[in-house]
Each structure stands twice: as structure tokens, then as C-alpha cells.
Amino acid sequence: MKRCSWVNLNNPAYVSYHDKEWGNPNFDEDYLFEMLILEAFQAGLSWEIVLNKREAFRKAYDGFDLEKILSYDEAKIDELLNNPDIIRNKLKIRASITNAKVFKLIEEEFGSFYAYLKGFVGDEIIYENDKTTSEISDKLSKDLKKRGMKFVGSTTIYSFLQVVGFINSHDDECFLKKTP
């Protein structure tokens, strides 16, 4: 069975992520929030590093419970900074809390983060596998930054749109490749 070229076949978690999650539409608010936070932690790193720490992130971030993250204080930030099981980048940790606040404001304004995203992406799945950014990710990134989010550049947002399934980017040879 052929998979996308980026999949490390020696990492069962990565294979499972590719086969069951990446590009598979999942627009649940909790999932969108988790993936947005994790994608921001990826900036400058490989996704495999983040994926290998995902369970530790879930534990450290209270299951990505939005309401709990909104109440994180300096003591919790220190706890995260001293957790050897996650990525301990001070700017990214602080950004994750800021991004949670903006995520909540977007939910309140649009009814859901999903509804907000659909305003940029529309109703159709995008099928392309030769890009790392797009006009959509450029516009969405710009709007998220304007609202105060951090570590949400166009490449990060494009990756986010791929993982949650707005963009299907499986390689042409991949067994999961789909076309419109």
C-alpha cells in the first residue's frame, strides 16, 4: 500500500495519523482547536516531532479544554515551561493561551470556529498536493494575525487546513488520494 512520501513508515503513530486523520474531514470544534494549537507549535519544526509529543501535550494542556486554557496563569505557564515532555518554547506557550482567547472570541462572533473557517474556504473540499500556501491560507493567516493570533503564518494555516480536511493533499500515488 503506497502512502504519501512524507510518512515515516518506521513510526507507527505517524502511519496511523496519515491513514486515519490527515486530510480526513473533521470539523469538530475541539479538534479544530487542538490542531490549531499543535500546528502553531510545529512552526520551525517537523510535524513528526509534534505528533510524537501529542499525548504529552494533551495531558499538559488539560485535554485541550478551551475553558481551562483560557484561565492559565503564570504558575501554569511556568509548569508548561518546565515540562520536558512538550515543546518548551516560551513564545509558543504564551501564544497558545493568546490563541485560545482569540479562538473563543471567533466562536462568539461567528457561532463556531468552523463557521468562521467556512467563510474563507467555502463548502467544497480543495484537492491539491503541490502547495504549502495558497490564497486562502494567506487571507486566513492575515485575518487571524489581525485578530491577535501568533504563530499562524500562511504555511502553518495551510497545514492546519490540510490536517482538518478542508484541503486534501495526498500524493498522486497514495492509496488515500481522492479527486473531486
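This is a predicted model: local features need pLDDT of at least 70, side-chain atom pairs count only at pLDDT 80 or more; totals for chains, interfaces and linings use all residues.

Visitor: What volume does the largest pocket have?

Guide: About 370 Å³. A pocket here is an open set of points on a 1 Å grid over the protein atoms alone, where a 1.4 Å probe fits, with protein on both sides within 12 Å along at least five of seven lines. The volume is the space filled by probe spheres set on the points, which are joined across faces, edges and corners.

Visitor: Which residues are closest to its centre?

Guide: Trp-22, Gln-42, Trp-47, Ser-159 and Gln-162, out of 18 lining residues; lining means having an atom within 4 Å of a point.

Visitor: Which helix gives the largest share of that lining?

Guide: Helix 10, with five residues. Helix 10 spans 154-164; helices are DSSP runs of H or I, at least four residues, and strands are runs of E, at least two, numbered from the N terminus.

Visitor: Switching to the core. Which members of the largest nonpolar core touch the most others?

Guide: Tyr-61, Phe-113, Leu-144 and Phe-160, among 53 residues. Helix 2 gives the most to this core, eight residues. Such a core is a set of buried Ala, Val, Leu, Ile, Met, Phe, Trp, Tyr and Cys residues joined through side-chain atoms within 4.5 Å; buried means under 20% relative accessible area with a 1.4 Å probe, protein chains only.

Visitor: And Ser-169, buried or exposed?

Guide: Buried, at 6% relative accessible area. Ser-169 sits in the segment after strand 2 (167-168), and its side chain makes a polar contact of 2.9 Å with that of Gln-162. A polar contact is a pair of N or O atoms within 3.5 Å; within protein, one must be able to donate a hydrogen and the other to accept it, and residues adjacent in sequence count only if both atoms are side-chain atoms.

Visitor: What does the side chain of Asp-171 reach?

Guide: The backbone nitrogen of Ser-5, at 2.6 Å. Asp-171 is also in the segment after strand 2 and counts as buried at 15% relative accessibility.

Key:
Residues are numbered from 1 along each chain as its sequence is written. Side-chain values use heavy atoms; hydrogens and water are left out. Buried means under 20% relative accessible area, exposed over 50%, partly exposed in between (1.4 Å probe, protein chains only).
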